[in-house]
Amino acid sequence: MTPEFDAVIVGAGFGGMGAAIALQEMGYSRLSILDREDDLGGTWHVNHYPGLAVDIASVTYSYSFAPNPNWTRLFAPGAELKRYAEHIADTYDLRHAMRFGVLVERAEWDDDAQFWRVTTADGEEITGRFLVTATGFLSQPHTPDFPGIDSFTGAVLHTTRWDDAHDVSGERVAVIGTGATAVQLIPEIAERAEALTVFQRTPIWVVPKIDFPIPPVVRRLFARVPATQKAARKVNDALLEALMIVGVLHFRQAKPMNKAAALLAKAHLRLSVRDRATRRALTPDYDFGCKRPTFSNKYFRAFNRRNTRLETSPIERFDADGIVTVDGRHTPIDTLVLATGFNLWDVNFPALQIIGREGRDLGAFWRDNRFQAYEGITVPRFPNLLSLNSPYSYSGLSYFTTIESQMGHMRRLLGELQRRDAVSFEVTEEANDAFLTEVTERLGDSVFYRGQCSTARSYYFNQHGEAALLRPTSTTASFRAASTFPLSDYEFRTPATV
Ligand code: NAP
C-alpha cells in the first residue's frame with residue numbers, strides 16, 4: 001500500500017520548514033505540512049505583542065544555509081522573523097504543501113502498511129510514510145486558573161493572542177508574569193498605560209542587551225559578500241556557546257563564570273532601578289541559568305516610572321474590576337495581560353496523541369517512564385517518526401542550530417534507508433538507553449543539578465524533576481553526532497521483511 005504522502009509534517013514554523021527542506025533534498029517531494037494556525041511561521045506568526053524581538057542575535061537566529069542580509073537590528077523585531085519565514089517558504093517552494101487551520105489530533109503507526117495514519121480534528125485521515133512533528137516547544141499557552149477570573153469584566157489578553165487593535169493608552173493594566181515575554185512587553189505597556197502593575201511570582205535574571213540598528217552599508221556588505229555575515233555569525237555563535245557550555249552545562253567546573261554572569265545582572269539592576277526595595281524584590285534567589293536568562297536595557301528602568309508598580313504579594317483572586325492579593329489589597333484594572341508562558345510538560349511532549357508499534361502511546365510512555373528520545377529526535381517503537389521537539393533535543397544556542405542538527409540526522413538516517421531500499425527505520429532500545437544515560441550523566445555537571453534551582457520554577461524542569469529539555473553538548477558536538485551516529489543504532493525494514 002502506498003501512503004498519500006512521503007511525509008506528513010505537523011507544524012509550519014521553522015522546524016517544520018527545515019524538515020521539509022531536508023526531505024526535499026533527499027528526493028521526497030510529496031509533503032503535507034499541516035498547521036493549526038492560519039498562516040506559516042509558528043511562534044513568529046502567533047506572537048506579535050508590542051516589543052517582540054529575537055533575544056539571540058539575528059545572525060545566529062536564522063538558518064545558516066539561508067542567511068538574511070536584511071535584518072535591520074542586531075536583534076531583529078518579531079515582524080522581520082515572520083517575513084523571513086515567508087521568504088523561506090517561497091525560496092524552497094513549500095507553500096503549495098501547506099494547509100492551515102488544520103488541527104492534527106492523532107497519529108497512529110500502521111505496522112502492516114508501514115506508514116502513519118494521521119487524523120485531524122475534522123475527522124480527515126491523511127497517510128504518510130514519515131511523520132514529522134514540529135509543533136514547537138513553546139506552543140501551548142499556559143493560562144492559570146485564578147479564582148474568580150471569570151468574573152473579571154475587563155479585557156484579558158494572553159501574549160500569544162495579542163489584539164493589535166487594543167490600545168492600552170490611558171488604561172490601568174496588570175501584567176502577570178516576569179518571563180522573557182514580559183521583559184519585552186512591560187516597557188512598552190509602561191509607556192502607554194495610565195497605571196501598570198506587574199505581578200511577579202519569581203524574579204528573572206536580566207543582563208544588558210547590546211543592540212543597535214545594522215547600518216544600510218553593513219547590510220549591503222552582508223548581501224554582496226556573504227562571507228562577512230558568516231564571520232559575524234561565527235563570532236556570535238562562539239560567544240553564546242561559551243556562555244552556555246561554561247556557565248550552564250559545566251557549572252561544576254566553572255562556577256565563577258556563572259557567578260560573574262549573575263554579578264553582571266546584579267550590577268545592571270543596581271544601575272537601573274533607583275528604589276532599594278524594588279531592587280531587592282527584582283533580585284533572583286536561584287542561580288543564573290536555572291531559568292532562561294533574558295536581555296533588556298528597558299525592563300528594569302520601567303520600574304522607575306511613577307505609573308509602574310511591582311507587586312510581589314501573591315494573587316488570591318479576581319473580582320469584577322481587578323485583582324485581590326493575599327494581603328487583602330485590591331488593584332483595580334481595565335486590562336489584564338497574561339504573560340504566563342507555556343505548558344511544556346503536561347500538554348506538549350507530544351502536542352498530539354501518537355501511537356506507535358504495539359500500541360505504545362508516546363505521551364504515556366514519556367510520563368510513565370522518563371522523557372527520552374535518541375539524539376533528541378527518534379523513539380523506540382515509533383518507526384518513521386521524527387519528533388523534532390523532543391526531550392534533550394534543544395540546543396541552548398538557538399532553535400536554528402537545533403533544527404539544523406536534526407536535518408543532518410535526517411539526511412544520514414534517510415540516506416541509509418534509501419541505500420537499503422527500506423520502508424521504515426526504528427531506533428533500537430539499546431541505542432536509546434545509551435543516549436539517555438549519556439545525557440543524564442552530562443547534565444550532572446550542569447547548573448540544573450549542581451546549582452540552586454529549587455526556587456526558580458523553571459520550565460526546563462519536568463514533572464519528574466528532570467531538566468530534560470536541553471541537549472547537554474556543544475552545538476559542534478551535536479552537528480558531529482548528527483553526521484556520524486552509528487547506523488547500527490537503527491533497524492531498517494525492507495518490503496521483504498515486513
Ligand atoms: P515563562 O518564562 O514561562 O514565564 C511565565 C511567567 O508567568 C513567569 O514569570 C511565571 O512565574 C508567571 N506565571 C505563570 N503562572 C503563574 C501564576 N499562576 N501566578 C503568577 N505568575 C505566574 O514564559 P515566557 O515569558 O512567555 O517565555 C517563555 C520562553 O519563550 C522564554 O524563556 C524564551 O525561551 C521564549 N521567548 C523568547 C523570546 C525571544 O526570543 N524574543 C521572547 C519571549 C519568549 P513563575 O516563574 O513563578 O512560574
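A: Arg381 is found in the loop between H10 and E18. Please keep in mind throughout that this is a predicted model.

Q: Is Arg381 buried, partly exposed or exposed?

A: Arg381 counts as partly exposed, because its relative accessibility is 24%. Its limits are 20%, under which a residue is buried, and 50%, over which it is exposed.

Q: What about the phi of Arg381?

A: The phi of Arg381 is positive, about 75°, although the residue is not a glycine.

Q: Which residue does Arg381 form a salt bridge with?

A: The partner is Glu429, and the closest N and O atoms of the pair are 3.6 Å apart. Arg381 lies in the loop between helix H10 (362–368) and strand E18 (385–387), and Glu429 in helix H12 (residues 429–443), so the pair ties together parts that are 48 residues apart in sequence. Glu429 is partly exposed, with a relative accessible area of 30%.

Q: Which residues are linked with them in a network of salt bridges?

A: The network links Arg357, Glu358, Arg360, Arg381, Glu426 and Glu429.

Q: Glu358 is on that list. Where does Glu358 lie?

A: Glu358 lies in the loop between E17 and H10. Its phi is near 55°, a positive value in a residue other than glycine. Glu358 counts as exposed, because its relative accessibility is 60%.

Q: How many salt bridges does a search of the whole structure find?

A: The search finds 34 salt bridges. One of them joins Arg411 to Glu25, with the closest N and O atoms 2.8 Å apart. That pair links distant parts of the chain: Arg411 belongs to helix H11 (residues 399–419) and Glu25 to helix H1 (residues 14–25), 386 residues apart. Arg411 is partly exposed, at a relative accessible area of 32%.

Q: And which residue does Glu438 form a salt bridge with?

A: Glu438 forms a salt bridge with Arg442, and the closest N and O atoms are 3.2 Å apart. Both residues lie in helix H12, four residues apart, which is about one turn of the helix. Glu438 is partly exposed, with a relative accessible area of 36%, and Arg442 is partly exposed as well, with 40%.

Q: Changing topic to helices: at roughly what angle do the axes of H5 and H6 cross?

A: The axes of helix H5 (residues 216–224) and helix H6 (residues 226–249) cross at roughly 105° and come within 4 Å. Angles from 65 to 115 degrees count as roughly perpendicular, and H5 and H6 are therefore roughly perpendicular to each other.

Q: Which residues make the contact?

A: H5 contributes Leu221, Phe222, Ala223 and Arg224, while H6 contributes Pro226, Thr228, Gln229 and Ala232. The residues of this contact of H5 with H6 divide into five nonpolar, two polar and one charged.

Q: Now a sheet, please. What is the order of the strands in the open sheet of three?

A: The order is E13-E14-E15, and the pairing is antiparallel. The edge strands are E13 (315–319) and E15 (330–332), each of which pairs on one side only. From one strand to the next, the twist averages 25°.

Q: How many bridges join E13 to E14?

A: Four bridges join E13 to strand E14 (residues 322–325), and the two strands run antiparallel. Ile315 stands opposite Thr325 in E14.

Q: Back to H11 for a moment. Is Ser405 buried or exposed?

A: Ser405 lies in helix H11 and counts as buried, at 10% relative accessibility. Leaving aside neighbours within four places in sequence, Ser405 is in contact with Ser478, Phe479 and Ala482.

Q: And where is the place of Arg457?

A: Arg457 is in the loop between helix H13 (447–450) and helix H14 (475–484). Arg457 is exposed, with a relative accessible area of 51%. Not counting residues up to four places away in sequence, Arg457 touches Arg201, Thr202 and Lys291. The C-alpha atoms of Arg457 and Ala113 are separated by 45 Å, and these residues are 344 residues apart along the chain.

Q: One last point: which peptide bond is cis, with omega near -10°?

A: That is the bond from Phe349 to Pro350. Pro350 lies in the loop between strand E16 (335–338) and strand E17 (353–355).

Technical notes:
Residues numbered from 1 in each chain as written. Predicted model: local features only at pLDDT ≥ 70, side-chain atom pairs only at ≥ 80, totals over all residues. Heavy atoms only, no water. Axes fitted to C-alpha atoms, helices over the stretch in contact; angles between N-to-C directions. Parallel < 35°, antiparallel > 145°, perpendicular 65-115°, else oblique. Contact = heavy atoms within 4.5 Å. Nonpolar A, V, L, I, M, F, W, Y, C, P; charged D, E, K, R; others polar. Salt bridge = Lys/Arg side-chain N within 4 Å of Asp/Glu carboxyl O. Buried < 20%, exposed > 50% of the residue type's maximum accessible area, 1.4 Å probe, protein only. Pairing = 2+ DSSP bridges.
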